[in-house]
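Biologist: I am new to this structure. Can you walk me through how to read its features?
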Amino acid sequence: MDSDSRLHILLPSRLVLENYKEIQNHLGRLNPEDPVLLDFSQVEQMDSTGAAMISYLNKTYPDIRCDGLSPRLKHMLDVFTGTDAPTPDSGEPAKTLPSSHWGESVKQFMVLMADEFAHVWHYLWRRRGVYPGEIHHQLFQMGYGSYWIVSVITFLVGVTIALTSAKQLNDFGANIFLADVVGFGMIRELVPLMTGIILAGKVGASITAEIASMKVLEEVDALHTMGLNPEKFLMVPRLIAIGLAVPLLVTLANIVGIFGGMLVGKFYSGISFKAFYQEMLTIVELDDVLIGLGKTLVFGWVIVISSGFKGFSVSRGALGVGIATTESVVLSISLIIVLDSIFALLMY
Amino acid sequence: MREETIIQTHGLSIGYHGTVVASDIDLTVKRGRIVVVLGKSGCGKSTLLKTVIGLLPPISGTVEFDGNPVDFNSEQSLQRLFRRIGVLYQNSALLNSLNLYENVALPITMHHPAISHEIRREMVTNRLRQVGMAPEMERYPAELSGGMRKRAALARAMILDPEVIFCDEPSAGLDPITASGLDELMLNLKELLGITFLVVTHELRSIERIADDVLVIQEKSIRFNGPFQQLRDSSDPFIRAFFLRDKADAKELSS
Ligand SMILES: Nc1ncnc2c1ncn2[C@@H]1O[C@H](COP(=O)(O)OP(=O)(O)OP(=O)(O)O)[C@@H](O)[C@H]1O
Ligand SMILES: [Mg+2]
């Protein structure tokens with residue numbers, strides 16, 4: 001078939017991304033059965049988009065002929081669409097994710113926990129393996145970083161729990177017992193739980209994100225080959241810092257939360273601050289304060305360890321950092337709530 | 001100088017989670033020489049490096065460092081190895097929470113707390129000067145370019161004069177002047193301190209300048225391990241393709 005009987009298509013001078021729509025409209029109306037002659041004589045400019053359109057045509061239309069291709073354009077087409085660069089050597093892709101059974105993960109978690117106890121102990125005796133000043137730095141980050149949000153949340157929880165109970169108590173004329181409900185409930189249950197959840201979201205998430213990204217960027221490897229133990233270097237300061245931050249935060253949260261309850265007592269149930277306080281002391285003892293604090297300390301350590309665990313076991317590069325962070329918050333909060341139930345079963 | 005072997009692997013098979021990346025690797029590194037590792041992207045150069053420095057247990061085979069087999073399950077054995085090597089990672093791997101000075105000083109701070117503040121400062125500034133980064137030492141890694149981070153990471157790798165320095169693509173992303181500066185530095189360290197280097201690089205100019213020995217990995221195995229001179233005269237089409245960028249050969253290989 002000679003070129004005259006072919007459908008003659010004159011390509012525009014600029015075969016580039018900007019003109020994509022126009023060219024596509026032009027070419028899209030072709031019928032694959034028709035013999036086509038592409039006329040390149042007007043084409044002066046072509047980019048990879050243009051080249052892709054041409055190579056697509058070449059692939060999909062069985063009978064196509066190109067005319068007026070200058071040597072330069074021909075070379076460009078070759079470069080843009082031509083030879084494949086050699087592909088990397090590896091035949092089958094290596095598995096990226098270690099086959100992680102539940103049992104295996106639980107075992108690793110337990111091993112990490114045991115190791116961390118040993119590391120903290122060793123550090124407290126020998127004072128080696130932790131960067132100087134790092135504990136202060138972490139304490140500042142955790143304490144200063146969380147005190148504001150812990151105050152606001154526990155205040156609101158104090159107010160809410162007081163309002164919920166005050167209604168019922170007032171109906172029975174038992175207004176004054178609000179102090180017991182709020183005091184006991186906050187100190188033993190709500191402050192530990194709320195502080196734990198806030199720390200899981202703020203401190204836990206940032207520990208996982210930090211360690212996971214260090215792992216992805218080979219910083220953890222670098223620590224190791226510098227003869228340091230990454231699990232000690234990174235975790236011990238955080239475990240010690242949270243041990244110091246929790247008592248401060250819990251004390252603050254107890255005060256602020258109970259104050260929230262007192263405000264409700266005063267303005268809703270007509271209990272003076274003094275009466276509230278005295279009534280509360282008949283029920284709440286030092287033991288309760290210590291138990292609340294102890295629980296929160298356990299939560300804090302569980303948060304740091306599970307966040308570290310999630311951080312160290314990151315895979316799949318930068319994407320994995322986000323996944324690990326989310327998983328770490330879910331894991332920490334679940335563990336806190338499970339532990340809290342266990343404590344409750346044991347103690348009441 | 002004595003031709004003494006510092007690193008030797010026997011029938012090494014490397015990879016991740018049981019998937020082999022390369023096998024049958026019998027690598028010999030002589031003390032005081034610069035060994036360049038070559039191979040296409042993804043062939044397992046970084047994996048080999050990670051295995052030889054003790055971070056990734058081999059699937060099978062052994063790694064010997066200075067005549068002693070490395071026990072990958074023993075932290076003590078690994079620590080003995082770590083104390084004698086320095087590593088420049090492909091991503092630099094400086095700690096982002098510390099500035100350059102603190103990063104380079106880290107091995108001293110952690111392992112030799114007895115070294116005085118002044119001497120430490122001197123050691124660190126000397127190293128940073130050698131890599132041209134002394135003026136930037138107060139800055140944090142995130143505030144630096146990739147090439148600047150590489151240089152600082154090299155300073156950190158050599159701060160305690162290790163016997164062997166491993167470099168994963170030291171000059172990738174560096175301008176030719178900085179890159180040749182790094183090459184000079186490696187040559188000087190080799191001449192002056194007898195440091196051995198195992199370097200992964202793709203830079204032809206750099207290979208010609210620094211390589212004493214070359215290791216070529218191809219198709220999951222070692223294609224060549226020997227003196228650079230011998231490699232240049234090789235008639236192996238893959239090696240010629242790599243070196244002379246011989247297009248015809250490259251095409252033949254990829255087909
Ligand atoms: N963490 C990992 N988990 C699983 N497979 C991996 C991992 N890292 C690398 N691989 C795989 O191992 C093979 C070798 O990778 P490696 O990083 O050693 O290549 P390389 O020779 O250093 O390449 P480049 O020159 O691009 O740095 C590749 O197929 C890669 O997909
Ligand atoms: Mg690599």
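Biologist: How do I read B:K220: what is its relative accessible area?

Modeller: This model is predicted. The cut-offs matter here: under 20% counts as buried and over 50% as exposed. B:K220 has a relative accessible area of 26%, so B:K220 is partly exposed.

Biologist: Where does B:K220 lie?

Modeller: Look at the loop between β10 (213–218) and β11 (221–227) of chain B. B:K220 is not a glycine, yet its phi is positive, about 65°.

Biologist: Where is B:S92, and is B:S92 buried or exposed?

Modeller: B:S92 sits in the loop between β7 (85–88) and α3 of chain B. Its relative accessibility is 4%, so B:S92 counts as buried.

Biologist: Back to β11. Which residues does B:I222 touch?

Modeller: B:I222 is part of strand β11 of chain B. Leaving out residues up to four places away in sequence, B:I222 touches B:I25, B:D26, B:L215, B:V216 and B:I217. Take the pair B:I222 and B:I25. They are 197 residues apart in sequence, but their C-alpha atoms are 6.1 Å apart in space.

Biologist: Now a helix. How many residues of α3 in chain B are buried?

Modeller: First, the general idea. An α-helix has 3.6 residues a turn, so residues three or four places apart point the same way. Now the case. Helix α3 (residues 100–111) of chain B is mostly covered, with ten of its twelve residues buried. Among them are B:Y101, B:N103, B:L106 and B:M110.

Biologist: What covers the buried residues of α3(B)?

Modeller: The cover includes parts of both chains. From chain A come α7 (219–225) and α8. From chain B come α4 (117–130) and α5 (146–157).

Biologist: Which residue caps the N-terminal end of α3(B)?

Modeller: That is B:N99. One of its side-chain oxygens lies 3.1 Å from the backbone nitrogen of B:Y101.

Biologist: How do I read a nonpolar core?

Modeller: In soluble globular proteins, nonpolar side chains tend to be buried together. Here the largest nonpolar core has 100 residues. A:L223, A:F233, A:F276, B:I85, B:L106 and B:F166 touch the most other members. Helix α8 (residues 230–268) of chain A gives the most to this core: 16 residues. A second, separate core has 48 residues, including B:V104, B:A105, B:A155 and B:V214.

Biologist: Which residues does A:F233 touch?

Modeller: Again, skip residues up to four places away in sequence. In chain A, A:F233 touches A:G129, A:Y131, A:L223 and A:L228. In chain B, A:F233 touches B:L95, B:L106 and B:M110.

Biologist: Last, the ligand. Where does ligand 1 lie, and how many residues surround ligand 1?

Modeller: Ligand 1 lies between chains A and B. There are 16 residues around ligand 1, and the closest are B:S41, B:G42, B:K45, B:S46 and B:T47. Helix α1 (residues 45–52) of chain B gives the most to this shell, with three residues. By class, the shell has four nonpolar, eight polar and four charged residues.

Biologist: Which side chains have a polar atom by an oxygen atom of ligand 1?

Modeller: B:K45 has a polar side-chain atom 2.8 Å from an oxygen atom of ligand 1. For B:Q90, the distance from a side-chain N or O atom to a ligand 1 oxygen is 3.2 Å. For B:H202, it is 3.4 Å. On its own, ligand 1 has 630 Å² of accessible area, and the protein covers 73% of that.

Definitions and conventions
Residues numbered from 1 in each chain as written. Chains lettered and ligands numbered in written order. Predicted model: local features only at pLDDT ≥ 70, side-chain atom pairs only at ≥ 80, totals over all residues. Heavy atoms only, no water. Core = buried A, V, L, I, M, F, W, Y, C linked by side-chain atoms within 4.5 Å. Buried < 20%, exposed > 50% of the residue type's maximum accessible area, 1.4 Å probe, protein only. Helix = DSSP H or I, 4+ residues; strand = E, 2+ residues; numbered from the N terminus. Contact = heavy atoms within 4.5 Å. Near = heavy atom within 4 Å. Polar contact = N/O pair within 3.5 Å; in protein donor to acceptor, adjacent residues only side chain to side chain. Areas by Shrake-Rupley, 256 points an atom, 1.4 Å probe, with all protein chains shown as cover. Nonpolar A, V, L, I, M, F, W, Y, C, P; charged D, E, K, R; others polar.
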